[in-house]
Amino acid sequence: MTERVWEVFRQEDEGDPMVHAGNVNAPDEELAVHYAREFYGRRGESHRLWVVPRDAVTELDDPDLLKPPFDRSHKRPGGYIIKHKLERAKERARGDAT
Amino acid sequence: MNDADTIQPLGGPQRYAAGDADAFFAHVGSGGKVEADDWMPDEYRAAVLKFVEMHANSELMGVLPERDWIMRAPNLRRKLALTSKIQDEVGHAQLLYRVAEDLGKPRTEMLADLLAGKTKFHNVFHYPTKSWADVGIIAWLVDAAAIVSQQALRDSSYAPYARTMKKICWEESVHIMHGRDVVLTLMNGTTSQRAMVQEALDRWWGPLMQMHGPPTDPAKDKDLHWKIKSKNNEQLRQEFLSIYVPRILELGLSIPDPELRHDPDEGRWHYTEPDWAGLKSVVTGHGPASEERLEFRRVNFAETQWVRDALLGSATAAA
């Protein structure tokens, strides 16, 4: 009898994101759900669990795609340093600029 | 012109190619993490497996001294708390065997090795318990000594282990409170109850001081080098003493070590050198309760075989 690995995701409270909790080893879905409940929900610490066969997870960890070696700061709010530009624009609007 | 208006090349995190052991060790040495499916050198895999398997064994064997007290717990709330702690500890064993399984050793093999005495478990679980105060001292101080090491393992380079430690530490903190509550209740009781706690502390102090293991040469400690663990044995023992000696003394208990003192100049505790030869003998299966505990596990494993057969068998039939 072969057992399978099932990944367990946990939602702590209604509306929270599903967060990876860990995994269990079980021969079928029914037992996987029982084990997941025992390990990740027996204290009332979970609002919802997702139990997913590990082989159903498709992974992408290619750094060329996820961490490409180019500046991506234009995609993030922190990539825009506007403090001095804003000051100058305000000065100009006030008519201080020469 | 502002730098933010130009395109900058980024350094990016240090990566390693499969098969490149030097780059791998540079990665973990600089604080990098490893996932179960990542390539890793065999010696790293073997070291993590050995570490996690010993931890799992300890959780599984550690419930046996406490199990003896379920039927003797002084009231229903204590009985529920103790049963719940035992369930937690067995759960920790299951979580840790799961981590170890992903490193390539099947659970059945790990259990077989444990039952055959081929693999080890922590020294403190090789001793008998003699009174209800032992249950309090174990839950308070043995779990406290364990949590000091486990908290340091939350930074382990092997990420699935580190994540499991976060969950385990959270549960252990409940056990410490339960143990401290048991001890406090006894200390606020009768003279003979206080004497019972002192006797228990006297019994457990030696094993507690041995628990983190002898000081090792950090330069030669591969587990440290590869950041499988982040603190050495002596650091853990010093940390345990700093937190718990004051908490023990404030209750009016005395610690059975005339050499124990804190040197503020050196910033460290001095203590009578623990019996390291005795520790080695105990963890290799020659402790006062080693054989009895292993025999209990063997009988229990044989008696519960039908449950595993039924669960796995019915799943086969349904599939």
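**Figure 1. Chain B as a whole.** Of the 319 residues in chain B, 33% are buried. What you see is a predicted model. Chain B is built from twelve helices and two strands. Along its principal axes, the C-alpha trace of chain B spans about 75 × 65 × 40 Å. Take the contacts in chain B between residues at least 6 apart in sequence: 72% of them join residues at least 24 apart.

**Figure 2. A look into the largest nonpolar core.** Here we zoom in on the largest nonpolar core, a set of 72 residues. I137(B) and A145(B) have the most contacts inside this core. Helix α5 of chain B, residues 132-153, gives the most to the core, with 14 residues.

**Figure 3. The surroundings of I137(B).** Which residues does I137(B) touch, leaving aside those up to four places away in sequence? Look for V183(B), A200(B), L201(B) and W204(B).

Figure 4. Now we move to chain A, where W50(A) sits in strand β3, residues 48-53. Is W50(A) buried or partly exposed? W50(A) is partly exposed, because 14 other C-beta atoms lie within 10 Å, and a residue counts as buried only with 20 or more and as exposed with 12 or fewer. Setting aside residues up to four places away in sequence, W50(A) touches F9(A) and M18(A).

**Figure 5. From W50(A) to K85(A).** These two residues are 35 residues apart along the chain. A separation of 48 Å lies between the C-alpha atoms of W50(A) and K85(A).

How values were computed:
Residues numbered from 1 in each chain as written. Chains lettered and ligands numbered in written order. Predicted model: local features only at pLDDT ≥ 70, side-chain atom pairs only at ≥ 80, totals over all residues. Helix = DSSP H or I, 4+ residues; strand = E, 2+ residues; numbered from the N terminus. Contact = placed C-beta atoms within 7 Å. Core = buried A, V, L, I, M, F, W, Y, C linked by C-beta atoms within 7 Å.
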